Amino acid sequence: GNSGMGDTEVQHRNPKHIQFGLEVPKALTYHGWEPGCEYTKPLVIRNVQIKTQKIRYKISGGHFSSTLYPQPITLSAGTSYTLPVTFRPSQKNSYEEFVEIGTVDGAFRVPILALLPTSNVSIPEYLKFGMCAVGDSITVNFNIHNTSTLPADFNWECSDCFEIQPKSGSLVPKGDAHFSATFSPQRASVYDVVAVCSYGNEHCSSKSMRLEGVGKYPHVLVRAAPPTTLAARKGRSGGDG
């Protein structure tokens, strides 16, 4: 009755799948943990077949275990069994192990994951500077946002007449940083370069941003066509007729 409804609600939050007539979560995932502490999550195994099933389970690796003694479990049709899985992290590492569940028809694994949060920043895809006289400069301001719950160190690299300030620094979790990008063309041409922002632990992640601008010579005068040209053309066409 009511327990079935509760399970349906949970199902939307926690993706499940069915293996050998048993409904299990696709994975058991631990978030926001610290080394030296203990965390327990329930692994719910539900028999969705119309026959009674006998199952066995085994937890791999040393960082996850269960308080229950691993004995065969008999699950009648429509019933479920809750296996408490305890995680005892010793270090700030990512852990990937599994619970192996065996049935008469075969065995399968449910991954157990304890992943570390990673840094992530969002930056503009491109900056457009438009036209700028050679020897002059144009500055465009922009922001980057730290979308993660970790502090993120960053470092900018760009070349060829573009400069980003500040070049390096640190973003607080969920924080913003303000930058100025300056375009100082040295020649009359179209500039299309990529600036790279390295960030995160030891700057191991990076994202790129395109910088586009056009350098123009400042004192190029557009001369009108000499007045003789038109008269000469008229004279020529008169001679032809």
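Trainee: Why is lysine 92 called partly exposed?
Mentor: Lysine 92 has a relative accessible area of 44%. Buried means under 20% and exposed over 50%, with partly exposed in between (1.4 Å probe, protein chains only). Lysine 92 is therefore partly exposed. This is a predicted model, in which local features need pLDDT of at least 70 and side-chain atom pairs count only at pLDDT 80 or more, whereas totals for chains, interfaces and linings use all residues. Residues are numbered from 1 along each chain as its sequence is written, and side-chain values use heavy atoms, with hydrogens and water left out.

Trainee: What makes the contact of lysine 92 with glutamate 34 a salt bridge?
Mentor: The term requires a side-chain nitrogen of Lys or Arg within 4 Å of a carboxyl oxygen of Asp or Glu. The N to O distance between glutamate 34 and lysine 92 is 3.4 Å, and the pair is a salt bridge. Glutamate 34, at a relative accessible area of 43%, is likewise partly exposed.

Trainee: How many salt bridges does this rule give?
Mentor: The count is six. One of them joins arginine 109 to glutamate 100, again at 3.4 Å from N to O. Glutamate 100 has a relative accessible area of 25% and so is partly exposed. Another joins lysine 128 to glutamate 212, with the closest N and O atoms 2.7 Å apart.

Trainee: Why is the pair of lysine 128 and glutamate 212 said to tie together parts of the chain?
Mentor: Lysine 128 lies in strand β12 (residues 126-133) and glutamate 212 in strand β19 (residues 205-216), so the pair connects parts 84 residues apart in sequence. Strands (E, at least two residues) and helices (H or I, at least four) are DSSP runs, numbered from the N terminus. A network of salt bridges links Lys128, Asp192, Arg210 and Glu212.

Trainee: How do you know that β5 and β7 pair?
Mentor: Pairing requires that DSSP find at least two bridges between two strands. Strand β5 (residues 53-59) and strand β7 (residues 73-75) have three, in the antiparallel sense. Isoleucine 55 stands opposite isoleucine 73 in β7.

Trainee: What joins β5 to β9?
Mentor: Four bridges join β5 to strand β9 (residues 95-102), and the two run antiparallel. Arginine 56 has glycine 102 in β9 as its bridge partner.

Trainee: What makes β1 and β6 edge strands?
Mentor: The open sheet of five strands has the order β1-β2-β4-β8-β6, with antiparallel pairing. Strands β1 (16-19) and β6 (64-66) each pair on one side only, and are its edge strands.
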